[in-house]
Amino acid sequence: MTTPRTTPALRADHLTDAGIRTVIATSADVTGRLVGKRFAVDVFHGLMHDGVPLSSCVLGWDLDQWPGPAQAYTGQHTGWHDVRLVPDLDTLRPAAWLDATAICVADFVEMGSDALVEVAPRTILRRQVERFEAEGQTPQVASELEFSLYRGTYDDGRTNGYETLVPTTIARADYTVQAGDQHEAFFAPARQALVDSNLGPWTSQVEWGLGQWEINLEYRQALEMADRHVLFKLAMRDLAAANGMAATFMAKPFPDTTGSSCHLHLSLVDGHGAHPFGDGSSGEVLAAPLRAAIGGLLARAPDLMLWYAPTVNSFRRILGGEFSGNGLSWGYDSRMVSCRVLVEEPSSTRLEWRVPGADVNPYLAIAGMLASARDGIADATDPGEPLVGEEWEREVPPLPAHLGEATVAFRDSGWARETFGPAVVEHYAEAGRWEWERFLAADAVTEWERRRYFEVI
């Protein structure tokens with residue numbers, strides 16, 4: 001793992017000199033989707049310290065922006081009260097994929113105080129980072145994001161049930177250079193826009209699924225990684241739309257395609273520059289903190305599956321067995337397990353959590369991973385024996401099998417309530433319940449159901 005490049009954030013007092021005319025202040029809602037407002041530069045200067053009000057509905061609605069979940073924090077009973085969107089000026093950067101625009105990630109802050117909104121995704125991750133930092137350690141994270149890219153627009157998809165969208169690759173082309181060459185007219189400017197936006201693209205490649213691609217981002221401190229992750233997804237959707245295409249980060253957009261993952265890599269650095277995961281690890285001998293972190297990740301995974309697989313569609317990828325986790329298992333440099341361990345030089349030794357799909361809210365998934373690893377280290381949790389070779393076929397304890405099961409596990413987890421707070425658990429359990437019940441009540445019937453039941457049941 002090479003040392004990442006460092007690019008200074010765009011300074012607020014240099015926006016006009018940098019040719020910026022518009023500034024976006026944004027933060028992730030409960031689903032990980034970015035919400036916010038746009039401003040002229042002089043307006044942004046006037047509100048960048050105190051923030052701008054917006055309705056708390058952005059923390060209460062579902063994926064369709066329907067205010068269905070019965071949330072204690074916000075709703076008709078609170079009048080859909082305001083919160084403040086306060087820019088984190090350390091994240092101010094050019095949005096180089098847009099014209100003369102800068103973008104700044106913000107925190108949700110309560111009106112009339114400096115208190116961060118407890119249930120906001122960025123707050124949840126902040127709290128877990130702070131716990132590591134209080135112990136003199138900095139978690140470093142990298143996300144590997146796969147996505148599907150189709151010819152045809154988002155409007156075409158909605159109008160025609162998405163069946164008219166054509167994958168940008170129509171034959172398996174994993175790692176192949178020729179297939180990548182055919183789309184370099186799109187990806188070369190896209191990578192440069194990511195570089196110019198200080199989002200740190202590392203590598204890009206064609207993936208195995210039809211129309212599937214992967215762009216990895218350089219590792220960073222955990223909160224910055226989550227910020228870059230959501231901005232990267234926004235940029236790729238915008239760039240695709242500008243070129244008459246549609247990009248999706250659904251875990252499995254079509255039954256006959258390969259699921260898209262979001263593998264998360266984790267390492268630690270202490271205040272002296274030492275690497276607790278790497279120092280003392282060699283071959284199949286793991287440093288005690290790394291081994292315990294693996295144990296914690298596996299022990300708490302059932303409780304946190306709602307954050308690793310937050311939609312009904314998430315489980316179509318996981319149950320498909322496409323390098324998408326394998327129950328409560330771990331192994332050395334194996335893609336057939338849920339937690340892959342990579343023992344390299346001390347600064348590069350890390351664990352890779354392979355369960356999350358591309359549809360995760362990165363703030364929640366990373367917060368869950370950090371909390372689990374920290375819990376494991378504190379309790380010296382034993383991860384058990386690794387799966388080696390053909391042992392990947394051995395039966396291992398399963399993870400929750402669908403969104404309803406994951407929601408109940410999260411809701412009933414005493415550890416999650418203690419770690420994240422009752423308000424957070426109740427908020428996201430209610431969001432999960434609503435999503436699961438909407439699926440069960442849906443009018444739509446899948447082709448799979450018709451083929452399986454129409455003439456038989």
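Colleague: How many salt bridges does a search of the whole structure find?

Modeller: The model is predicted, so local features need pLDDT of at least 70 and side-chain atom pairs count only at pLDDT 80 or more, while totals for chains, interfaces and linings use all residues. Residues are numbered from 1 along each chain as its sequence is written, and side-chain values use heavy atoms, with hydrogens and water left out. Taking a salt bridge as a side-chain nitrogen of Lys or Arg within 4 Å of a carboxyl oxygen of Asp or Glu, the search of the whole structure gives 25.

Colleague: Which residue in helix H7 (residues 288-308) pairs with Asp382?

Modeller: Asp382 lies in the loop between helix H9 (362-379) and helix H10 (403-411), and its partner is 91 residues apart from it; helices here are DSSP runs of H or I with at least four residues, numbered from the N terminus. The side chains meet at 3.2 Å, N to O, and the residue that pairs with Asp382 is Arg291.

Colleague: What is the N to O distance between Arg433 and Glu437?

Modeller: Both residues, Arg433 and Glu437, lie in helix H12 (residues 422-440), four residues apart, about one turn of the helix. Their side chains meet in a salt bridge with an N to O distance of 2.6 Å.

Notes:
Helix = DSSP H or I, 4+ residues; strand = E, 2+ residues; numbered from the N terminus.
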